Amino acid sequence: MRAAVFASGGGSNFGALLARKAAGDLHIDFACVISNNSGAGALDRAKTAGIPTFHLPPTKCASEAEYCSKLFAILNDHAVDICILAGYMKKFPDALIAHYFGKIINIHPALLPAFGGKGHFGHHVHEAVIATGAKVSGITVHFVDNEYDHGPIILQQTIPVLDTDTAQSLADRVLKLEHQFFYVAIEALATGKLTISGRRVLWHD
Ligand code: GRF
């Protein structure tokens, strides 16, 4: 399986995936890394690893159609089978979702369906978790559909929310969990262990 990674920020999740591949735990090839942000750490990590990079901000395209056709061209040119959203802060275009549904994976730093949707990104997520008094948080890896943070859930892992937690301390622990488990869902998809049945994702041996 050849994967395109989409990332907007530091790219620590992408870094963790590179490490999993190097360790022999993740059997995919990284075909390219695409970012809307020229300063994304993920682009630097990709360049260091010799992976093709693309800076493609939707705002620099005349229309959604132009944005999509540029993305399709990159994905076709690099023979991409799956798309990994590892901190991609832009809405994934509907036309690509229609084409790649079941092959696009996102990671979210909370337990969906709570604390998801528009506005729930970065520190906002963890602030919302603490403000509600939730006693557990965690991560959700899910397939991407046309709504933010809504597609079928592949995997979740939890951690307790401590009385002493700040949004930052919770974010730090959740990110560690992301680095531990994101690859598990990707490896399962890449090795044909997942099927989608309605809104449920079934795991097979
Ligand atoms: C992660 O918390 C991920 O769950 C969210 O964006 C963040 C990306 O972090 N979607 P990084 O760029 O991988 O460090």
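Start by selecting Pro113, which is found in the loop between S5 and H5. Helices (H or I, at least four residues) and strands (E, at least two) are DSSP runs, numbered from the N terminus. A cis peptide bond joins Leu112 to Pro113, with omega of about 10°. This is a predicted model, in which local features need pLDDT of at least 70 and side-chain atom pairs count only at pLDDT 80 or more, while totals for chains, interfaces and linings use all residues. Residues are numbered from 1 along each chain as its sequence is written, and side-chain values use heavy atoms, with hydrogens and water left out.

Next, select Ala79, in the loop between helix H3 (64-77) and strand S4 (82-85). Ala79 is not a glycine, yet its phi is positive, near 50°.

Now go to the ligand. Select Gly9, Gly10, Gly11, Ser12, Asn13, Gly87, Ile107, His108, Pro109 and Glu178, the residues around it; a residue is near a molecule if one of its heavy atoms lies within 4 Å of it. This shell divides into 2 nonpolar, 7 polar and 1 charged. Ala, Val, Leu, Ile, Met, Phe, Trp, Tyr, Cys and Pro count as nonpolar, Asp, Glu, Lys and Arg as charged, and the others, Gly among them, as polar.

In Asn13, a backbone N or O atom lies 2.8 Å from a ligand oxygen atom. Then select Glu178, where a polar side-chain atom lies 2.7 Å from an oxygen atom of the ligand. The protein covers 81% of the 370 Å² of accessible area that the ligand has on its own (Shrake-Rupley method, 1.4 Å probe).

The ligand sits in the largest pocket, as more than half of its atoms lie within 2 Å of the pocket's grid points. A pocket is an open set of points on a 1 Å grid over the protein atoms alone, where a 1.4 Å probe fits, with protein on both sides within 12 Å along at least five of seven lines; lining residues have an atom within 4 Å of a point. Helix H1 (12-22) and strand S5 (104-108) each give two or more residues to the ligand's shell.

Finally, select Gly87, Tyr88, Met89, Phe121 and Gly122, which lie nearest the centre of the largest pocket among its 41 lining residues. Helix H6 gives the largest share of this lining, 7 residues.

Notes. Polar contact = N/O pair within 3.5 Å; in protein donor to acceptor, adjacent residues only side chain to side chain.
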